Amino acid sequence: MHLTRTDPDANLYRFYRLEIVPGLFGDWGLICNWGRIGKPGQLRTYWFGTKAEAKDARVKLHMKKTKRGYI
């Protein structure tokens with residue numbers, strides 16, 4: 001899932017990327033990558049025991065970012 005937020009007047013060009021990946025030990029990771037468009041940005045992985053938990057976390061983050069203006 002790739003979200004963007006742009007506001008040329010405020011020189012605001014941001015992205016937020018969410019991806020669910022399987023781990024090596026049967027767990028699931030939610031990879032979050034965010035930063036300025038055109039730059040590599042920051043990266044963080046949150047680990048969950050089941051794929052359903054990772055999906056729930058992704059939905060919560062997606063809703064939170066949508067409220068902040070990401071499309």
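Modeller: Two strands count as paired if DSSP finds at least two bridges between them. In this predicted model, strand 3 (28-36) and strand 4 (42-48) pair in the antiparallel sense over seven bridges, and within that pairing Leu-30 stands opposite Tyr-46 in strand 4.

Biologist: What lies between strand 3 and strand 4?

Modeller: They form a hairpin with five residues between them, and Gly-38 in the turn has a positive phi of about 95°.

Biologist: In what sense do strand 2 and strand 3 pair, and over how many bridges?

Modeller: Their pairing is antiparallel and runs over nine bridges, with Tyr-16 standing opposite Trp-34 in strand 3. This pair also forms a hairpin with five residues between the strands, where Gly-26 in the turn has a positive phi of about 85°.

Biologist: Which residues of helix 1 are buried, and how are they arranged around its axis?

Modeller: Buried means under 20% relative accessible area, and in helix 1 the buried residues are Ala-54, Ala-57, Leu-61 and Lys-65. Seen down the helix axis, these buried residues fall within an arc of 70°, so they line one face of helix 1. They pack against strand 1, strand 2, strand 3 and strand 4, whereas the face turned away from the buried side carries the exposed residues Lys-60 and Lys-67.

Biologist: Where is Asn-11 found, and which side chain does its own side chain contact?

Modeller: Asn-11 is found in the loop between strand 1 (2-7) and strand 2 (12-22), and a polar contact of 3.3 Å joins its side chain to that of Arg-36. At 46% relative accessibility, Asn-11 counts as partly exposed.

Note on methods:
Residues are numbered from 1 along each chain as its sequence is written. This is a predicted model: local features need pLDDT of at least 70, side-chain atom pairs count only at pLDDT 80 or more; totals for chains, interfaces and linings use all residues. Side-chain values use heavy atoms; hydrogens and water are left out. Helices (H or I, at least four residues) and strands (E, at least two) are DSSP runs, numbered from the N terminus. Buried means under 20% relative accessible area, exposed over 50%, partly exposed in between (1.4 Å probe, protein chains only). A polar contact is a pair of N or O atoms within 3.5 Å; within protein, one must be able to donate a hydrogen and the other to accept it, and residues adjacent in sequence count only if both atoms are side-chain atoms. The arc is that of the directions from the helix axis to the C-beta atoms. Contact means heavy atoms within 4.5 Å.
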